[in-house]
Amino acid sequence: MGDNMKNIILIGLGPHAKRIYINFIKKYKLNLSLLVDLDINKEEIKTFLKKEKFAYTKVYFVKSEEANNKELTITVKKDLKKLIQENKITYAIISTEPKAHFAYAKFLIKNNISILMDKPITSSLDVLNSIFSAKQIKKEYDILLNLYKNHKEKIKFTIQCQRRFHPGYLYIKKILLDTIKKYNIPITYIDIYHSDGMWNMPNEFLSRENHPYKYGYGKLFHSGYHFIDILTWLLECNKYSDKKINNATIYSTVFRPYDFFQTVDNNFYKNYFNTNEFQEILQKPSIVSSFGELDFHSMIDFKMDDKIITHCTLNLMQSGFSKRAWKNLPKDTYKANGRVRHERVNIHVGPILNIQIHSYQSYEVNEKSDILKDDIGGIDHFDIYIFRNTKLIGGKSFEKIKLQDIDDNKDITLGNNEKAREKCFYKFFMNEKNESDFIYHQNSILLLSKLCESIANHTNKVNFKWGSYEK
């Protein structure tokens, strides 16, 4: 990857980093100079680095009680700055639990280190229970944005949102742009549905640190941000019509662990998992009453003054279909715990165009079903349906496009989303302009903040101004 060795710091060695970033670091022969993680993970990390042959990598451990700090301590800043200078580090990957993103990003920007950071950008405790915390999402983004603008000539800051690099989504965005520019009709309807098969046993809600709920946030800050971001990214197409969105109204509801305890009860676990160990927890649902959401459902009207331009629905779920059929967590909780993806996007451009994405798995990634592969139920299933009003706009009345027909990357060892992640990773380390620069996430963060506020204010409705920005 270029002539000069790139020395990097990896902050956070969780399941995602182990599965994705470690492999890319090896593939592109990057120098993992420094790893930062919590002291409670010390032995596990040392074992992992030895096994993966990263014996040369220096490791710095932060006290676990500092994990939720919005500011790194003076000692940590001093130590990291020294290690960064000694090891000539110029790039960073932030892959921690999102509560730590703000502190590390702020420190790295100030020290002129380019950053590749996992979504969501930041998170605060109790964002679904506190209007103050919900508003902090936007405030923290703005703080980082202003810092980044002051350092932008020296560094890059990219958010790992792989669907912005996904050939299927790029393909449909181009069709939308071309259609809207030509006919001056905006996107009038978007429906996004995603279920990721994450089924937690009752006790896991209390213990999990990876993809947690106990801190007052859930699905939106796990995989949900990808779909908030896809929504705002696609809505950028509307600025090429003269129907300009300037405000929006949100109606939202959530399904929490508190609700889930009523639907999958002790009798089910007793009959199908042969256990009574969850009975005590299930009989006290109040202990999870303030926990973050499993499912987030929202209707959003994007308007020009008092006229609705685009009606959107978000149905983002973690209580849905799963392949998990075991009680105890496996070693790999990221993709080897029953997780299967069901993803659907339905877009209308008034009466002239309808585009649909269908992506449904019936096998886990580790099952590697070559029989289905890119067909419905396969791990790489991703179909695009296009319907056109041909008497008005020409073209084919109906097209079904398989991702393999338009994907230039023929590497079959990686899944579709993994290939898109790699493209993001590659563009970042090659210093290429990309679709997921930190600046481009302004509207996604605004919408995320307002979605959380719509639940925290107990009215389930929020009105707010909406604007565009120049890339």
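A polar contact is a pair of N or O atoms within 3.5 Å, where, inside a protein, one atom must be able to donate a hydrogen and the other to accept it. Keep that idea at hand as we walk through this predicted model.

Let us start with K99, a residue in the loop between β4 (91-94) and α4 (101-110). The side chain of K99 makes a polar contact with the side chain of E97, at 2.7 Å. Another polar contact links the side chain of K99 to that of N68, this time at 3.4 Å. Is K99 buried or exposed? Its relative accessible area is 6%, and buried means under 20%, so K99 counts as buried. You can see what surrounds K99 by looking at the residues it touches, leaving aside those up to four places away in sequence: N68, N69, K70, S123, L125, Y215 and Y217. Take K70 from that list. K70 and K99 are 29 residues apart along the chain, yet their C-alpha atoms are separated by 7.8 Å.

Now move along to N247, which is found in strand β8 (residues 247-255). With a relative accessible area of 17%, N247 is buried as well.

Next comes a pair of helices. Two packed helices are described by the angle between their axes and the distance between the axes. Here the pair is α6 (residues 167-183) and α8 (residues 224-235), whose axes come within 10 Å and cross at roughly 30 degrees. Angles under 35 degrees count as roughly parallel, and α6 and α8 are therefore roughly parallel to each other. Which residues meet where these helices touch? From α6 come Y169, L170, K173 and L176, while α8 brings I230, W233 and L234. Sorted by type, the residues of this contact are six nonpolar, no polar and one charged.

Finally, let us visit some details of the backbone. Where does the chain have a cis peptide bond? The bond from K119 to P120 is cis, with omega near -15 degrees. P120 sits in the loop between β5 (114-118) and α5 (131-151).

Two other loop residues have a positive phi without being glycine. One is K29, with a phi of about 55 degrees, in the loop between α1 (15-27) and β2 (31-38). K29 is exposed, with a relative accessible area of 64%. The other is N431, whose phi is near 60 degrees. You will find N431 in the loop between α14 (416-429) and α15 (442-456), and at 40% relative accessibility it counts as partly exposed.

Technical notes
Residues are numbered from 1 along each chain as its sequence is written. This is a predicted model: local features need pLDDT of at least 70, side-chain atom pairs count only at pLDDT 80 or more; totals for chains, interfaces and linings use all residues. Side-chain values use heavy atoms; hydrogens and water are left out. Axes are lines fitted to C-alpha atoms, for helices over the stretch in contact, and angles run from 0 to 180 degrees between N-to-C directions. Helices (H or I, at least four residues) and strands (E, at least two) are DSSP runs, numbered from the N terminus. Angles under 35 degrees count as roughly parallel, over 145 as roughly antiparallel, 65 to 115 as roughly perpendicular and the rest as oblique. Contact means heavy atoms within 4.5 Å. Ala, Val, Leu, Ile, Met, Phe, Trp, Tyr, Cys and Pro count as nonpolar, Asp, Glu, Lys and Arg as charged, and the others, Gly among them, as polar. Buried means under 20% relative accessible area, exposed over 50%, partly exposed in between (1.4 Å probe, protein chains only).
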